[in-house]
Amino acid sequence: MSAAPMPEFLRLLNEYQPLLRRAARLYCPDADDRQDLYQEIVLQLWRAWPRYAARADIKVSTWLYRVALNVAISDLRRRTRMPDPAYFGAATLPDLPTPTPDGPDADDLAQLYRAIERLSQVEKAFVLLYLEERTYEEMADILGITQNNVRVKMHRVQDKLRQLLPLVA
């Protein structure tokens with residue numbers, strides 16, 4: 001692998017690190033697993049970088065989302081096939097951001113994350129893209145579906161979260 005694209009790759013990695021960490025966060029409630037997943041996402045991005053750098057027709061954020069979500073979903077499938085027995089005995093409440101005076105409090109965030117954990121892999125991808133304030137057009141491009149399909153699925157995910165939130169309180 002040539003060292004020439006490394007500065008650009010590192011710049012993008014630094015710029016989009018919060019996005020990649022949020023993707024890992026949605027798919028891994030355990031901090032250690034989350035860090036492992038983040039590292040696997042970065043590794044797969046690095047491996048795919050030469051193919052992406054040679055193309056000009058895909059936005060970098062779209063490419064990053066696709067790789068991150070594919071790696072996260074693959075990791076989740078692997079973990080659910082062979083679950084860690086310790087996982088079921090440990091508290092699964094993830095690390096939460098520090099509450100801010102004008103934002104949601106820690107209890108609200110905890111409830112939201114517990115509800116998100118109950119969503120399917122695909123539903124979590126919609127939540128991540130929504131929280132990243134992606135347009136329906138961007139979501140459709142990233143997920144490989146039509147904008148109409150994105151609208152329908154987003155509505156269903158939002159309805160499901162509304163139903164789940166009272167259950168996790």
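**View 1. The N-terminal end of H2 is capped by aspartate 30.** In this predicted model, a side-chain oxygen of aspartate 30 lies 3.2 Å from the backbone nitrogen of aspartate 32, a polar contact being a pair of N or O atoms within 3.5 Å, of which, within protein, one must be able to donate a hydrogen and the other to accept it, while residues adjacent in sequence count only if both atoms are side-chain atoms. Local features need pLDDT of at least 70 and side-chain atom pairs count only at pLDDT 80 or more, whereas totals for chains, interfaces and linings use all residues. Residues are numbered from 1 along each chain as its sequence is written, and side-chain values use heavy atoms, with hydrogens and water left out.

**View 2. Helix H2 covers residues 31-53 and bends at arginine 47.** Helices are DSSP runs of H or I with at least four residues, numbered from the N terminus. With 23 residues at 1.5 Å a residue, H2 should span 33 Å, the expected span being 1.5 Å times one less than the number of residues; the end C-alpha atoms of H2 are 31 Å apart, which agrees. The bend at arginine 47 is about 40°, and proline 50 follows within four residues; this bend is the angle between axes fitted to the seven residues ending there and the seven starting there.

**View 3. Buried residues of H2 include Arg34, Leu37 and Tyr38.** Buried means under 20% relative accessible area, exposed over 50% and partly exposed in between, with a 1.4 Å probe and protein chains only. Further along H2, the buried residues include Ile41, Val42, Leu45, Ala48, Trp49 and Tyr52.

**View 4. Phe9, Trp46, Trp49, Tyr52 and Trp63 form one aromatic cluster.** Rings of Phe, Tyr and Trp (its six-membered ring) pair if their centres lie within 6.5 Å, and planes under 30 degrees apart count as stacked, over 60 as edge-to-face and the rest as tilted. By this rule the count comes to five aromatic pairs. The rings of phenylalanine 9 and tryptophan 46 are edge-to-face, because their planes stand at 65°, with the centres 5.0 Å apart. This pair links distant parts of the chain, with phenylalanine 9 in helix H1 (residues 6-27) and tryptophan 46 in helix H2, 37 residues apart. Phenylalanine 9 counts as buried at 6% relative accessibility, whereas tryptophan 46, at 22%, counts as partly exposed.

**View 5. Tryptophan 49 and tyrosine 52 form a tilted pair.** Their ring centres are 5.7 Å apart and their planes at 40°. Tryptophan 49 and tyrosine 52 are three residues apart in H2, and therefore separated by about one helical turn.

Notes. Helix = DSSP H or I, 4+ residues; strand = E, 2+ residues; numbered from the N terminus.
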